[in-house]
Amino acid sequence: QVQLVESGGGLVQAGGSLRLSCLASGRSFSKHAMGWCRQASGKELEVIAAISTGGGRYYKDSVKGRFTISRDNAKNTVYLQMNSLTPEDTAVYYCAAGGDDELVGGTIDYRGQGTQVTVSS
């Protein structure tokens, strides 16, 4: 079992930045691909960034060039640095864990409770 706890969400103006953090419990953190997904009001959950066990990164086109995912296996933590935020980034952001290929495809084994990110215009 892996438990995930997100932090770092909040309210920010358009063009601003936020950094989300996700602390994972358990000893198998390094064996899971980690990622971030989000769900905006009335929309489906989407995986927007992922980092594999080997450090390979995936980004959804809508966040590519603005968001950066990283992980620190020694701290059981994954981060999402979000820059140049727009109102379209407003959503609940969830930390997620899964297989290296499966997570990018949307198969999530574990998910946190989520943190709200609101971007004002």
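## Close-up views of a predicted model

**Figure 1. A disulfide joins Cys22 and Cys95.** In this predicted model, the sulfur atoms of Cys22 and Cys95 stand 2.1 Å apart. The pair qualifies as a disulfide because the cut-off is a sulfur separation within 2.5 Å. The count of disulfides comes to one. The torsion about the S-S bond is -85 degrees, and the link between Cys22 and Cys95 is left-handed. Cys22 belongs to strand E3 (residues 18-24) and Cys95 to strand E9, so the bond ties together parts that lie 73 residues apart in sequence. Both Cys22 and Cys95 are buried.

**Figure 2. Cys37 takes part in no disulfide.** For Cys37, the nearest cysteine sulfur is that of Cys95, at 8.2 Å. This distance is not within the 2.5 Å that a disulfide requires. Cys37 has a relative accessibility of 0% and therefore counts as buried, since the term applies under 20%.

**Figure 3. Asn76 and Lys75 lie in the loop between strands E7 and E8.** The loop that holds Asn76 runs between strand E7 (67-72) and strand E8 (77-82). The phi angle of Asn76 is near 50 degrees, a positive value in a residue other than glycine. Most residues other than glycine have a negative phi. Lys75 is found in this loop between E7 and E8 as well. With a relative accessible area of 52%, Lys75 is exposed, because that term applies over 50%. Lys75 and Ser25 are 50 residues apart along the chain, and their C-alpha atoms are separated by 9.9 Å.

**Figure 4. Ser84 has a positive phi in the loop between E8 and E9.** Strand E9 (91-98) is the strand at the other end of this loop from E8. Phi of Ser84 is near 50 degrees, and Ser84 is a residue other than glycine. The relative accessibility of Ser84 is 42%, so this residue counts as partly exposed.

**Figure 5. Four residues gather in a patch of negative charge on the surface.** The members of the patch are Asp100, Asp101, Glu102 and Asp109. One of them, Asp109, is placed in the loop between E9 and strand E10 (110-111). Asp109 has a relative accessibility of 47% and therefore counts as partly exposed.

Note on methods: Residues numbered from 1 in each chain as written. Predicted model: local features only at pLDDT ≥ 70, side-chain atom pairs only at ≥ 80, totals over all residues. Heavy atoms only, no water. Helix = DSSP H or I, 4+ residues; strand = E, 2+ residues; numbered from the N terminus. Buried < 20%, exposed > 50% of the residue type's maximum accessible area, 1.4 Å probe, protein only. Patch = residues over 30% accessible without salt bridge, like charges linked within 9 Å, V, L, I, M, F, W, Y side chains within 5 Å. Areas by Shrake-Rupley, 256 points an atom, 1.4 Å probe, with all protein chains shown as cover. Salt bridge = Lys/Arg side-chain N within 4 Å of Asp/Glu carboxyl O. Lys, Arg positive; Asp, Glu negative; His and termini not counted. Charge placed at Lys NZ, Arg CZ, Asp CG, Glu CD.
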